[in-house]
Amino acid sequence: MDAAAGADAAGRRDVLVGRLIGAVLGAVDLFNVYLGDRLGLYRALAEGGPATPAELAGRAGVHERYAREWLEQQAVTGVLDVDDVDDVDEQAARRRYTLPTGHAEVLADPDSVHYLGYMSRLVASVGQVTPRLVEAFRSGGGVGWAEFGADMREAQAAQNRPIFLALLGAEWLPQIPDVHARLRAQPAPQVADVGCGAGWSSIAVAQAYPTVRVDGFDPDEASIATARANAADHGVADRVCFHVRDITEPGWTGRYDLVAAFEMLHDLPRPVEALRAMRGLCADGGTVLIVDERVEDQFTAPGGELERLFYGFSTLCCLPTGMAEQPSAATGTVMRPATLRSYALAADFRRRRGSADRARPVPLLPPQALTSDPRRRADALQSR
Ligand SMILES: C[S@@+](CC[C@H](N)C(=O)[O-])C[C@H]1O[C@@H](n2cnc3c(N)ncnc32)[C@H](O)[C@@H]1O
């Protein structure tokens, strides 16, 4: 290696070292956010105001010594403000910590479109299955969605809930005029929500269109139980029903004005069969609506932050989920528009919009862009 190549290699090495150390700091931050989120520590600070370690321990029901260490960690890393940083040990117990208002919205307000506390649960759920991932990489098998457990299921729901409730009925569906008109027409429109998870998309559609009836389907029993409770809590259980059902199983009947699938097609081992089944569920003139991650049209490396995020969760969750059943299309999170188009054509959708075909796929863009600005997240969902 000549001197220039050696300097270049050393430079790249040092950049990577710095980046990985930053990643470790980010990872330990996220796991401490997980503790604050799961144990209700942020909520206790948001609702009860500034607290000493003993006060926080009392409010949240945790051990005082752990409360103190966590509070100090959160202050050192800049999440909490502290009123006294005097380095005298006996003062440690008397320090009072504050969750700044802006941070409270991000960490303790699940209704806010800026809420990101769930992110720590996404990462923690992957931590629980890493031995299974190693095994899957070797064997070519997979790790089923249910194996990621409550952390993944609840984080997925928490991620999309505020966005569905705020934007799905108010902004996204009105941008598809024929669907919007049909959901406001009589007789009462019927909607199928395939892979509904905790049911927030179904609930959002029912809230936005007061006469529609929604059937939500998901093979995951725990998700359906949560979805039923969510619909009851939101007063739409009379119009929104949830069913434990796999879209790729045979025997589907029913006719729907809208058959929607939110952030799930790329997880399926058999996406073409799923699209064909969704198409079969459409009433005359009905629409199949596929909402999935806004990935780039083509592979590019290095990629931007969103593409990094999508690939990151693809290796750790979506691809293994899709490969848990074999044979599998093995799509992964990064389902390119051309891939979706090829699945749709294989499922007998027509190529042209506005054709006489009674069902057509409408590719929308991804649930959530890496931005704290809800308007820009909404932009990420504009139809192409
Ligand atoms: C990433 S989650 C998305 C959940 C929800 N649509 C959302 O946007 O929050 C994917 C969902 O698809 C469901 N799913 C997986 N395979 C399915 C299948 N064959 N039929 C219907 N749903 C399926 C999973 O159980 C899971 O709830």
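Visitor: Which handedness does the β-α-β unit of strand 4, helix 11 and strand 5 have?

Guide: Bear in mind that this is a predicted model. To read a crossover, look along the strands, pointing away from you, and follow the path over the helix: clockwise means right-handed. Here strand 4, helix 11 (residues 221-233) and strand 5 form a right-handed unit.

Visitor: How many bridges join strand 4 to strand 5, and in which sense do they run?

Guide: Strand 4 and strand 5 (residues 240-244) run parallel, joined by 5 bridges. Strand 3 (residues 190-194) pairs with strand 4 in the parallel sense too, over 5 bridges.

Visitor: Is strand 4 mostly covered or exposed?

Guide: In a regular strand, side chains alternate between the two faces of the sheet. As for strand 4 (residues 213-218), 5 of its 6 residues are buried.

Visitor: Which residues touch the most other members of the largest nonpolar core?

Guide: Nonpolar side chains tend to be buried together in soluble globular proteins. In this model the largest such core has 92 residues, and Val194, Val205, Val259 and Met278 touch the most other members. Helix 8 (residues 149-172) is the biggest contributor, giving 9 residues. Domain 1 (3-109) and domain 2 (121-379) both supply residues, so the core lies between them.

Visitor: What is Val259 in contact with, leaving aside its neighbours within four places in sequence?

Guide: Its partners are Ala192, Val194, Met278, Leu281, Cys282, Gly286 and Val288.

How values were computed
Residues are numbered from 1 along each chain as its sequence is written. This is a predicted model: local features need pLDDT of at least 70, side-chain atom pairs count only at pLDDT 80 or more; totals for chains, interfaces and linings use all residues. A residue is buried if 20 or more other C-beta atoms lie within 10 Å of its own, exposed if 12 or fewer, and partly exposed in between; C-beta atoms are placed from the backbone. Helices (H or I, at least four residues) and strands (E, at least two) are DSSP runs, numbered from the N terminus. Two strands pair if DSSP finds at least two bridges between them. A nonpolar core is a set of buried Ala, Val, Leu, Ile, Met, Phe, Trp, Tyr and Cys residues joined through C-beta atoms within 7 Å. Domain bounds come from an automatic or database domain assignment. Two residues are in contact if their C-beta atoms, placed from the backbone, lie within 7 Å.
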